[in-house]
Amino acid sequence: IRTSGAINTAIFYFLANSNVGTFTNNGTVRSVSSMGQMVSVGNNSHVKAIINTGIFQHTGNMQQVIGIWEGSNVDLFRNTGTIASTTRAIHLTGSVSDFQIDGGLLSSNAQAINMAGVSKIGNFTITNGGSIRGNINLANTSNIGTMIISGANTSGTATQITGNISLDGSSRISKILIDGSNMGGSGTNGTPKLDGNITLNTSNGITNGITIANGGTLDGNINAQSSSSIGGIAINNGSLAGNISLTNNARIQNGIVLDNSNMKGSISLSTASGGGNITIDSINIGSGSTMTGDISVLGNSKITDTITIDGTLAGNVKAAWGNANYNGTINQMDISGVITQKVQLDNNSKIATLNLNGGTITGGINFQGLTTNSNGDTATIDNLTLNRDAYIGGIDIGNTSGGNAKGVISNLTLNGTSSIGSIVNNRGTISELTLNNTSTITNGITNAVEGNIGTIISNTNNGVNNTITNSGTIAKLDIQNGSTSGGNGGTIVYKSD
């Protein structure tokens, strides 16, 4: 069938309140019309199935190829052929119980799927090398159940979406799963992929989270704004080539987990431009995983539980000031892997507990942020503990470049064979510093004129030397060696001007 000119309704039109069996297209339908649609399911109608094994294609300004309208329901929508549009491909204000792209192509130069009103898709499956090329937009209270992107065809061409997924209004998706476990072929042409961004704009959410597994890939960013929420992001033997960004009052519940996976991008929580309250429960970079990018907690943003790094973070961890009195907060960090860059605290930001259990922070810990607050801001780590062979490149406290920022470490303890390259206290406070076993500060402690150290306890083993150069204040130096306190015989070399 070939059509041209104006079509006011549709080529195939199921009237309002219709009850229809199965509609199947095995042929070719093309149109250059500037109006209407090819298939229309009228209000309050019921269709058992719409199945396309052939071609629906239009190149004009038609509203959409397929319209499923308010109150109507299609039990099964299945495309193994081609649906191609220069405008919208599918528009829903009604519902589809089971939506399948099974090896077929759904293509649009704009919106591949547009959902509005109270529209709903129950199960959403793209498999067997199927492809959606174009954006998927949800608005109002529209929702999708579980969206699954999986498998490949027998030639090894992987299933994929090339386009963005956007949620507006109070729209929701229960879960997004990008899964390479059911590859139908060799996978020579890639693994299942979403090549685009996932964006949540207002009070919408992805209730049960986003999972990228078994070789699946998300090649794009995850953006959560306003009061939107995501019920966790899990990357299990998969990859994310993009950033995770939260602004305003967005939240990720159940955290972000990388398990034997790679992420090339940053994780950013930011309320710097106007208040808000952002939270992520936890971030876990597991053993065998690598994240290339920074973790930034800015403004009134919080990691409410723990950042755990058993793998590699090839970037920085930053907690910083936003505006007014808002400051980034991290409850706890547990590191047995590697941070190749720095942990940096600016202004009044805080890490309650930082544990290195054999882990490494190559670039060290810096309290170095500039601030416009003339009263001087103070970044804080309450408890910093190094165990086993943990290593920190250095600790630098207090700004030396004209700012007012200071730093405080309440308790700093080194155990086992752990070491710190150097400690330079320019304008900060270390309430208590304890060295145990064979722990060392390789290039010593420098306490500058504005530096303050409460108590230094040295309980290291015989033959272990640590040096202190003091121009500021040290309240107490407790050297627990064999001749004075029954200690282990370590030595402090003390220098003062």
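User: Is Phe14 buried or exposed, and how is that class assigned?

Analyst: Buried means under 20% relative accessible area, exposed over 50%, and partly exposed in between, with a 1.4 Å probe and protein chains only. Phe14 has a relative accessibility of 14%, so Phe14 counts as buried. The model is predicted: local features need pLDDT of at least 70, side-chain atom pairs count only at pLDDT 80 or more, and totals for chains, interfaces and linings use all residues. Residues are numbered from 1 along each chain as its sequence is written, and side-chain values use heavy atoms, leaving out hydrogens and water.

User: How many aromatic pairs does the structure hold, and how is such a pair read?

Analyst: Rings of Phe, Tyr and Trp (its six-membered ring) pair if their centres lie within 6.5 Å; planes under 30 degrees apart count as stacked, over 60 as edge-to-face, and the rest as tilted. The structure holds four aromatic pairs. In one of them, Phe14 and Phe23 have ring centres 5.8 Å apart and planes at 75°, so the pair is edge-to-face. Phe23 is buried, at 13% relative accessible area. Phe12, Phe14 and Phe23 are linked into a cluster by ring pairs.

User: What kind of pair do Phe99 and Phe124 form?

Analyst: Phe99 and Phe124 are stacked, at 4.8 Å centre to centre with 25° between the planes. Strands (E, at least two residues) are DSSP runs, numbered from the N terminus. The pair links distant parts of the chain, with Phe99 in strand β12 (residues 95-102) and Phe124 in strand β14 (residues 120-127), 25 residues apart. Phe99 is buried, with 1% relative accessible area, and Phe124 is buried at 0% relative accessibility.

User: Which strands does β29 pair with?

Analyst: Two strands pair if DSSP finds at least two bridges between them. Strand β25 (residues 222-224) runs parallel to β29, joined by three bridges, and Ser245 is the bridge partner of Asn223. Four bridges join β29 to the parallel strand β33 (residues 267-270), where Ile267 is the bridge partner of Ile244.

User: Which residues have the most contacts inside the largest nonpolar core?

Analyst: A nonpolar core is a set of buried Ala, Val, Leu, Ile, Met, Phe, Trp, Tyr and Cys residues joined through side-chain atoms within 4.5 Å. The largest has 111 residues, and Leu354, Ile365, Leu384 and Ile395 have the most contacts inside it.
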